[in-house]
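Student: Could we go through this structure together, one question at a time? I would like to see how each answer is reached.

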Amino acid sequence: MLLPAPLAWAQTAPGADDLRALLYYFDASDTAATDAELRRLRAQFPQWTPPADLSTLRATGGGPQLDQIYRRIEAGDVAGARAAIAAAQSSFPSWSPPDELQRLLRTTEDQIALDTTLSQGNLGQALDLIRANSELLRCNRINNAWRLAELQISAGNPAAALGTYRAVVATCPAFADVTSTLEKARLAASDAEFSVLLNAARQRFPNQAAALNALGAKLLNQSSVSPTASPTVPAAPTPAAPPKASAAPPTPSRPAPAPAASVAVPMAVVPPVATGLGVLARSGDGRLSAVRAAAKAGSFTDCVAKSVRPKSLEVAYERAWCVYNLDRTMEALALFGAVASGMRDATVVRDARFGMALAYTKLGMTEDAARLSAATPFTAEQRQDIEAIILDQRGVRAYQRQEFKRAIAFFDALEGLQGTLRRDLAILRAYSYLELGERGTAKGLFSALHRQLATDETRRGMAASQ
């Protein structure tokens with residue numbers, strides 16, 4: 001006969017299976033669900049006291065590592081992210097990926113497909129991808145709209161390209177993005193069409209009337225380019241010299257012209273907002289003090305847990321910095337964009353745009369960061385920080401393209417800005433001089449680096465400079 005177990009034998013603390021749901025909600029930063037699950041477990045195990053740091057329960061119960069999956073997505077490692085999701089589902093059968101994670105994964109996958117499609121000059125397929133996922137034409141991915149318009153011009157359809165440019169001018173919040181779009185739109189617009197587009201920009205940015213008038217005067221003196229003409233985008237050759245530097249994404253080769261198409265781009269360009277935020281008030285979320293305190297203390301995981309589903313732009317702003325520091329860069333960019341578009345406080349808007357610029361550089365979107373920086377009155381410290389990163393990335397990219405004079409100019413400017421140059425960049429600068437045939441200068445630079453720290457790399461550089 002089977003009798004009930006004596007009370008002394010009863011389970012007094014949750015085991016691995018009991019903790020799975022709690023850890024899932026904790027990793028997903030779902031505070032309400034986490035609290036509810038804690039209440040359930042306390043009722044089931046009244047003698048158990050949960051630890052102050054719930055992450056320590058992983059040693060008992062394990063849990064899917066969502067931050068690792070987000071990092072794979074942000075790195076463009078779609079296959080790795082899917083494998084990590086599959087492994088998590090295998091370990092935790094009741095778990096399913098959050099909607100936000102699935103959205104980011106799908107958009108990353110579609111972005112990779114769109115990059116390939118645009119490089120191949122396949123306009124029809126590019127439009128299909130955009131119609132299926134409007135995230136691809138949000139303003140924080142403005143390069144997609146620009147590349148699409150270039151392809152429409154190449155396909156002999158300047159009217160469709162003009163529609164794409166018009167959507168950007170009508171909706172995107174960054175003034176620098178709008179002026180860049182106006183310059184590009186001159187390729188597709190007649191004088192009359194361009195004047196209409198310029199007036200639309202003036203209505204949206206009345207405080208920038210002088211800048212827009214000057215731009216209009218300059219561009220209206222230029223003839224529009226033939227619809228079949230196509231701006232050249234340089235390819236990214238493999239560097240000839242041996243050293244490696246921090247990664248910089250290659251520039252895609254200019255696609256070949258596609259057959260003419262009559263389909264215009266859907267007017268889907270919208271300001272960058274965090275999906276799922278909805279319409280937020282600027283203030284009013286009672287969690288602000290707790291979220292701000294966690295952020296100030298550097299407790300970024302706690303900050304994210306306390307700010308799940310922000311109910312105000314103030315909380316969204318604090319959460320943006322916390323997820324940025326946890327390397328959830330795409331989420332941070334969306335949050336910063338929403339705050340910059342919706343807040344009225346000039347200091348908060350400026351700092352949110354600084355966060356956007358940092359996120360752009362972390363994602364390798366150097367020119368987006370540069371345009372945003374040019375249009376924002378950053379503090380002196382902010383401007384030095386962001387310009388240093390931009391010069392760093394531009395220098396490495398120029399070196400990768402074998403544009404050695406430009407690489408040297410960028411590295412020199414960075415050294416002038418900071419007073420010093422990081423060693424790996426100094427080595428690239430020395431190799432740039434060597435590639436330009438200036439062996440004496442290259443040898444002097446390699447020798448100075450060798451005196452600071454002798455390595456095989458500096459020895460090879462000096463030998464190559466003889």
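Tutor: Happy to! A term to start with: buried means under 20% relative accessible area, exposed over 50%, and partly exposed in between, using a 1.4 Å probe and protein chains only. This is a predicted model, where local features need pLDDT of at least 70, side-chain atom pairs count only at pLDDT 80 or more, and totals for chains, interfaces and linings use all residues. Residues are numbered from 1 along each chain as its sequence is written, and side-chain values use heavy atoms, leaving out hydrogens and water.

Student: Is Cys303 buried or exposed?
Tutor: Compare its accessibility with the cut-off for burial, under 20%. Cys303 has 0% relative accessibility, so Cys303 counts as buried.

Student: Which residue does a disulfide join to Cys303?
Tutor: A disulfide here is a pair of cysteine sulfur atoms within 2.5 Å. For Cys303 the S to S distance is 2.1 Å, and the partner is Cys322. The two sit 19 residues apart, Cys303 in helix α14 (residues 300-306) and Cys322 in helix α15 (residues 313-325); helices are DSSP runs of H or I with at least four residues, strands are runs of E with at least two, and both are numbered from the N terminus. So the residue joined to Cys303 is Cys322.

Student: Is the link of Cys139 and Cys172 left-handed or right-handed?
Tutor: These cysteines form a disulfide with sulfur atoms 2.0 Å apart. The pair links distant parts of the chain, with Cys139 in the loop between α7 (123-132) and α8 (142-154) and Cys172 in the loop between α9 (158-171) and α10. The angle about the S-S bond is -90°, and the link is left-handed.

Student: What pattern do the disulfides follow?
Tutor: The count comes to two disulfides. With bonded cysteines counted along the chain, the pattern is 1-2, 3-4.

Student: How are α10 and α12 oriented to each other?
Tutor: Their axes, lines fitted to C-alpha atoms over the stretch in contact, cross at roughly 15° on a scale from 0 to 180 degrees between N-to-C directions. Angles under 35 degrees count as roughly parallel, over 145 as roughly antiparallel, 65 to 115 as roughly perpendicular and the rest as oblique. The helices α10 and α12 are therefore roughly parallel.

Student: Within what distance do the axes of α10 and α12 come?
Tutor: Two packed helices are described by the angle between their axes and the distance between the axes. For α10 (residues 175-185) and α12 (residues 209-220), the axes come within 11 Å.
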